[in-house]
Each structure stands twice: as C-alpha cells, then as structure tokens.
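Open the model in your viewer and keep the selection tool at hand. This tour goes stop by stop.

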Amino acid sequence: MLDYKGVKVKADRKCADCGKTIKKGNFCWTASVKYQGRHWCCDRCMRIMMEDEYYEELALIEEEVTDICYWN
C-alpha cells in the first residue's frame with residue numbers, strides 16, 4: 001500500500017477510488033505517486049483498503065502457521 005497522509009482538503013477533490021466529491025475543509029487521505037501526481041482517497045475507501053490489507057496479511061500468517069504445523 002502507498003504511504004497515505006491524513007490532510008484537510010483545501011479545495012474540492014474527487015476520491016480516486018469511488019469518485020465521491022470530497023468538499024473543501026473535510027478530512028481525507030492523500031498520496032503522491034511518482035510520475036503520476038497526487039491523488040485523494042475518502043475516509044470510507046481508506047477504511048476498506050486498510051481492512052482488505054489486514055485480511056490479506058492475516059491469511060499469509062495463517063498460511064505460514066499451517067505450513068509450520070504441517071512439517072512438525
């Protein structure tokens with residue numbers, strides 16, 4: 001996942017994931033992708049991304065534990 005930073009929006013922006021308009025003065029997440037510029041992500045989409053990443057990491061840990069237990 002990119003390194004996102006929480007910011008207060010200075011101008012209306014569009015969420016890169018869902019297309020929702022993020023109004024000026026609201027909180028959102030932003031990341032700058034090299035050679036592609038900055039993009040913004042609303043709080044809802046960020047929570048979904050973080051949750052998905054958490055479950056992917058949990059699945060990898062479970063797989064490692066299963067492999068270790070299988071060989072012992």
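Select Arg47 and Asp43 first. In this predicted model, Arg47 forms a salt bridge with Asp43, and their closest N and O atoms are 3.1 Å apart. Both residues sit in helix α1, four residues apart, so about one helical turn separates them. Asp43 counts as partly exposed because its relative accessibility is 32%. How many salt bridges does the count come to? The count is one.

Now centre on Ile22. It lies in strand β3, residues 21-22. Is Ile22 buried or exposed? Ile22 is buried, at a relative accessible area of 5%. Show its contacts, leaving aside neighbours within four places in sequence. Among them are Val9, Ala11, Asp12, Arg13, Lys14 and Cys15. Phe27, Cys28, Trp40, Cys41 and Cys42 also touch Ile22.

Move to Cys28. Again, leave out neighbours within four places in sequence. Cys28 is then in contact with Lys5, Gly6, Val7, Val9, Ile22, Trp40 and Cys41.

Next, select the largest nonpolar core. It has 11 residues: Tyr4, Val9, Cys15, Ile22, Cys28, Ala31, Trp40, Cys41, Cys42, Cys45 and Met46. Which elements give two or more residues to this core? They are β4 (27-33), β5 (37-41) and α1.

Colour the cysteine sulfurs. The cut-off for a disulfide is 2.5 Å between sulfur atoms. Cys18 counts as partly exposed, at 39% relative accessibility.

Then take Cys41. The closest cysteine sulfur to its own is in Cys15, at 4.5 Å, again too far for a bond. Cys41 counts as buried, at 1% relative accessibility.

Select Tyr54, Tyr55 and Leu58. Together they make a nonpolar surface patch of about 330 Å². Tyr54 lies in helix α1, which spans residues 43-71. At 49% relative accessibility, Tyr54 counts as partly exposed.

Definitions and conventions:
Residues are numbered from 1 along each chain as its sequence is written. This is a predicted model: local features need pLDDT of at least 70, side-chain atom pairs count only at pLDDT 80 or more; totals for chains, interfaces and linings use all residues. Side-chain values use heavy atoms; hydrogens and water are left out. Patches are made of residues with over 30% relative accessible area and no salt bridge: like charges are joined within 9 Å, nonpolar side chains (Val, Leu, Ile, Met, Phe, Trp, Tyr) within 5 Å. Accessible areas come from the Shrake-Rupley method with a 1.4 Å probe; for residues, only the protein chains shown count as cover. A salt bridge is a side-chain nitrogen of Lys or Arg within 4 Å of a carboxyl oxygen of Asp or Glu. Buried means under 20% relative accessible area, exposed over 50%, partly exposed in between (1.4 Å probe, protein chains only). A nonpolar core is a set of buried Ala, Val, Leu, Ile, Met, Phe, Trp, Tyr and Cys residues joined through side-chain atoms within 4.5 Å. Contact means heavy atoms within 4.5 Å.
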